[in-house]
Amino acid sequence: MKTALITGASAGIGKALAYQFAQQGFNLILVARRQEALEQIKQDLESRYSIQVENQIFDLAVSGQTAELYDTVKHHKIDVLINNAGFGDYDLAWDADLSKVMNMVDLNVRALTDLSLRYIKDYVDEDAVLINVSSVGGYAEVDVAIPYCATKFYVSSFTEGVDFSLRTQGKKLRAKVLAPAGTQSEFHNVAADGSGIDINELYNGAVLMTAEQLAESAYQLYLSDKTVGIVNPNNEFELKDAIFPQVALL
Ligand SMILES: NC(=O)c1ccc[n+]([C@@H]2O[C@H](COP(=O)([O-])OP(=O)(O)OC[C@H]3O[C@@H](n4cnc5c(N)ncnc54)[C@H](OP(=O)(O)O)[C@@H]3O)[C@@H](O)[C@H]2O)c1
């Protein structure tokens, strides 16, 4: 049986990814800060499917926690690592709460990079997949979320670049970018928390994809040979090769 590690699995997209991969027969390692929420998900998944779920409670934005998490789970063969934990901040840059933004950089960029690189070192020659959750905001600037978009540009660029070099160097590991558009989850309340932005005005009647729909599409990305799975302006999921230009020197 294969094993998937999913960060940010206590709610939203990560929780839906946990249900999707469980349904496909994966054992799971689920990571988040909320122990009770993860415990309920573990019990539900183990009663529905013949799989094993291991919960790991970590605040990944805290320095040193990604290394500790990786050391704790590294005895497992991790076939899929999904770096999904992340959050946003809705504000104009000059109104931003600096401590919230720096915490966001710590989670969206630092923690994701640390876990990705540890995984890449161990699995570069394995039949394994790294999926990093970016955003459509990782390919286009959104005026009320510029620092958030910058973190996601990093995620997209880093992950596409890793996949590019894995392919050009003939390695077995694959790296993929999942780029959701607005999706129903706790994300919007967290992003608007402490800001002057009214999320009802922001989304003004827009139909958001459900986290379950997105998770089904994410599984298609996992199965495909493509690098990027992105939601287009018509709210349709598209699989693509890399979007950023690439230069091979080696
Ligand atoms: N929803 C959207 O519209 C949307 C669009 C584009 C991209 N995304 C991206 O999709 C990913 C998932 O977001 P979501 O929409 O599912 O948001 P969500 O409903 O707020 O879920 C976020 C998850 O991340 C976990 N998390 C947050 N901070 C953490 C930390 N410091 N350490 C460990 N886990 C942490 C949360 O669990 P705990 O609180 O229990 O720790 C939760 O499980 C994010 O990377 C987000 O940027 C979302």
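Here are some questions and answers on helix packing and ligand contacts.

Me: Before that, what kind of model is this, and what pLDDT do local features need?
Reply: Residues are numbered from 1 along each chain as its sequence is written, and side-chain values use heavy atoms, with hydrogens and water left out. It's a predicted model, where totals for chains, interfaces and linings use all residues, side-chain atom pairs count only at pLDDT 80 or more, and local features need pLDDT of at least 70.

Me: How are H1 and H8 oriented to each other?
Reply: Helices here are DSSP runs (H or I, at least four residues), numbered from the N terminus. The axes, lines fitted to C-alpha atoms over the stretch in contact, with angles from 0 to 180 degrees between N-to-C directions, cross at roughly 55° for H1 (residues 12-23) and H8 (residues 211-223) and come within 8 Å. Angles under 35 degrees count as roughly parallel, over 145 as roughly antiparallel, 65 to 115 as roughly perpendicular and the rest as oblique. H1 and H8 are therefore oblique.

Me: Which classes of residue make up the contact of H1 with H8?
Reply: Contact means heavy atoms within 4.5 Å; on the H1 side the residues include Ile13, Leu17 and Phe21, and on the H8 side Leu214, Tyr219 and Tyr222 are among them. Ala, Val, Leu, Ile, Met, Phe, Trp, Tyr, Cys and Pro count as nonpolar, Asp, Glu, Lys and Arg as charged, and the others, Gly among them, as polar.

Me: What about H4 and H5: how do they lie to each other?
Reply: H4 covers residues 98-123 and H5 residues 146-168, with axes 9 Å apart and an angle of about 10°. Their contact has 13 nonpolar, four polar and one charged residues. With that angle, H4 and H5 are therefore roughly parallel.

Me: And what is the angle between H3 and H4?
Reply: Thr66, Ala67, Leu69 and Tyr70 are the H3 residues that meet H4. The axes of H3 (residues 65-73) and H4 are 9 Å apart, and the packing angle is about 35°.

Me: Which side chain has an N or O atom 2.7 Å from an oxygen atom of the ligand?
Reply: The ligand has 30 residues around it, with Ser10, Ile13, Arg33, Tyr148 and Ser185 the closest; the cut-off is a heavy atom within 4 Å. For polar contacts (N or O pairs within 3.5 Å), the side chain of Arg34 gives 2.8 Å to a ligand oxygen. The 2.7 Å one belongs to Tyr148.

Key
Helix = DSSP H or I, 4+ residues; strand = E, 2+ residues; numbered from the N terminus. Polar contact = N/O pair within 3.5 Å; in protein donor to acceptor, adjacent residues only side chain to side chain.
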